[in-house]
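User: I would like to learn how to read the features of a model like this one. Please give the general idea first, then the case at hand.

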Amino acid sequence: GIVDFGVSENKLMFDVCEKKMAEAQMQKLAPHMLYYDEMAGNSRFREALAEFLTHRLNAVKPLDPKYVRVCNGTGPMMELVATSIGDPGDCLMMPMPCYGGVFWDVGGRAEIEVVPVHLSSKMSEGDTEPFQLSVKKIEDAYNKATANGKKIVGILLINPHNPLGDIYSAELIMDILNFCHSHSLHVIMDEIYMLSIFKPEAKFTSVLSLPNIPDPQRTHLVWGFAKDFCMSGMRCGVLYSENAEVNRAVDALVYFNMIPGPIQHVLTEIILDKEWLDNVFIPTKYSRMREAHSYMCDKLTALDIPVRKSPSGLYVWADFRKYIKPLTPENELALFEKFMDAGVYLTPGIEAFNCGEPGFFRLVFTVYREHLEVGMERIAAVLKDCAKHGLAKPQADKGEATANVKEESLEDLVGLLKGQIAESSWLEDTRTNNWATQNPEALEQFKQGVSSQEGSADKQPSENVML
């Protein structure tokens, strides 16, 4: 099978989650779980989320449950917010490379366009590392888009970032908030990886932890359980917004995106169990993530593949340019296809993340250990072949190629003959011409048989008809 380094899921914690799910309180069934409830989340769940996010985000003030909304996934929540703040044809800015699903999240039904803020591996003035975001780059993208007649309604940021794994500083976030406030732009801050920061020295700043946010009414936090709780199948996205109009719009639209009551109950129990979170789940997850991250990075380093040194996320951003000659988008895709042919799936930067230059791939390391080891072996084998033969696919030897041609030719010939026989009267004509002269009695019996079969054809099941 194919080893999946492409889908951003954390598969390291199933045993821990399974044990938690088996606890008695998780199996509880109350009447309200089976009947209609508040569409944007029942009150107990929203109260628990407000308390949980206040603590985990180090919020500057206690979050108010009346500003919490939930729906069946963070992607759907992005769609609801985009629909609420913009009209079809309006635009959201977003730094690129970025999570590619956003184009569908905000563009599929909401029909909001995404304007890229392209980041480059080539450092510009003021940068301290490649692919670095700055307010100047946002401003340049905004000015270019508006000069071309685009209506920008906001910016969408993922912090920690996907696919780079960067964590935005408090200074950068505040600078962006001030810029957006000066242009009356909404800021959607997706913090879905806020509990996937596995390096203890890393410092994370939530937008809700900042004092004196310049425009609270246009600042919206989105989070979910898929990444941080290793539960992408549980389908729960969360919105915190103090904007009454946005919340009214979400309340109307969430009718199509409600979360089942039993799922809300399970997730409520999980986030209320602080002892389990702090002493079991989070430390175990971070330990396993560090181990898997180190393994993948060590293997890539041994292959002379530079890896972005990031403290968060379920993936690494790796530079494969050394093996892509000449360095073109087409050859990036050719390398991707070689990986797929070898049975390992990793996502290419241009196709999956709208990266502005070829050669970069994202690899998810939070997979089963045996998959991690096999996948890295397959990557090493592909790169060894690339170093020797380039990106061309390996050719079969002459004898094998000849055998394949003969085999395919014979198969094609048999198929052609079957088709001709089925579509013509050759067989019947040949038989009747021969039998007319050689065996008149056999000819008469054959004709009677054909007449009988034609008369009952519509009564016979198709599988009884033989060619």
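Analyst: Start with burial. Of the 467 residues in the protein chain, 48% count as buried. Buried means under 20% relative accessible area, exposed over 50%, and partly exposed in between, with a 1.4 Å probe and protein chains only. This is a predicted model: local features need pLDDT of at least 70, side-chain atom pairs count only at pLDDT 80 or more, and totals for chains, interfaces and linings use all residues. Residues are numbered from 1 along each chain as its sequence is written, and side-chain values use heavy atoms, with hydrogens and water left out.

User: How many helices and strands does the protein chain have?

Analyst: The protein chain has 15 helices and twelve strands. Helices (H or I, at least four residues) and strands (E, at least two) are DSSP runs, numbered from the N terminus.

User: What covers the buried residues of α6?

Analyst: Begin with the helix itself. α6 spans residues 170–182, 13 residues in all, and reaches 18 Å from first C-alpha to last. That is close to the 18 Å expected at 1.5 Å a residue; the expected span is 1.5 Å times one less than the number of residues. Its buried residues are Leu-172, Ile-173, Met-174, Ile-176, Leu-177, Phe-179 and Cys-180. Their cover includes α5 (135–147) and the strands β3 (91–96), β5 (152–158), β6 (186–190) and β7 (219–224). After α6 comes Ser-184, with a positive phi near 55°.

User: Which residues other than glycine have a positive phi, and where do they lie?

Analyst: The general idea comes first. Most residues other than glycine have a negative phi, and most peptide bonds are trans. Asn-58 has a positive phi of about 55°. Its place is the loop between α2 (43–56) and β2 (68–71). At 59% relative accessibility, Asn-58 is exposed. Asn-354 also has a positive phi, near 55°. Asn-354 is in the loop between α11 (349–353) and β12 (360–364), and is partly exposed at 26%.

User: Which residues are joined by a cis peptide bond?

Analyst: Met-96 and Pro-97 are joined by one, with omega about 10°. Pro-97 sits in the loop between β3 and α4 (102–107). Another cis bond joins Asn-159 and Pro-160, with omega about -5°. Pro-160 lies in the loop between β5 and α6.

User: How many disulfides does the structure hold?

Analyst: A disulfide is a covalent bond between the sulfur atoms of two cysteines. The cut-off used is a pair of cysteine sulfur atoms within 2.5 Å. The structure holds zero disulfides. Cys-17 is in none; the nearest cysteine sulfur, that of Cys-230, is 5.4 Å away. Cys-17 is buried, at 9% relative accessible area. For Cys-236, the closest cysteine sulfur is in Cys-71, at 7.7 Å, too far for a bond. Cys-236 is buried too, at 4%.

User: How many salt bridges does a search of the whole structure find?

Analyst: Side chains of opposite charge can pair when their charged atoms come close. The test is a side-chain nitrogen of Lys or Arg within 4 Å of a carboxyl oxygen of Asp or Glu. The search finds 24 salt bridges. One of them joins Lys-136 and Asp-140, with the closest N and O atoms 2.9 Å apart.

User: Why are Lys-136 and Asp-140 separated by about one helical turn?

Analyst: An α-helix has 3.6 residues a turn, so residues three or four places apart point the same way. Lys-136 and Asp-140 are about one turn apart because they are four residues apart in helix α5. Lys-136 is exposed at 54%, and Asp-140 is partly exposed at 39%.

Technical notes:
Contact means heavy atoms within 4.5 Å.
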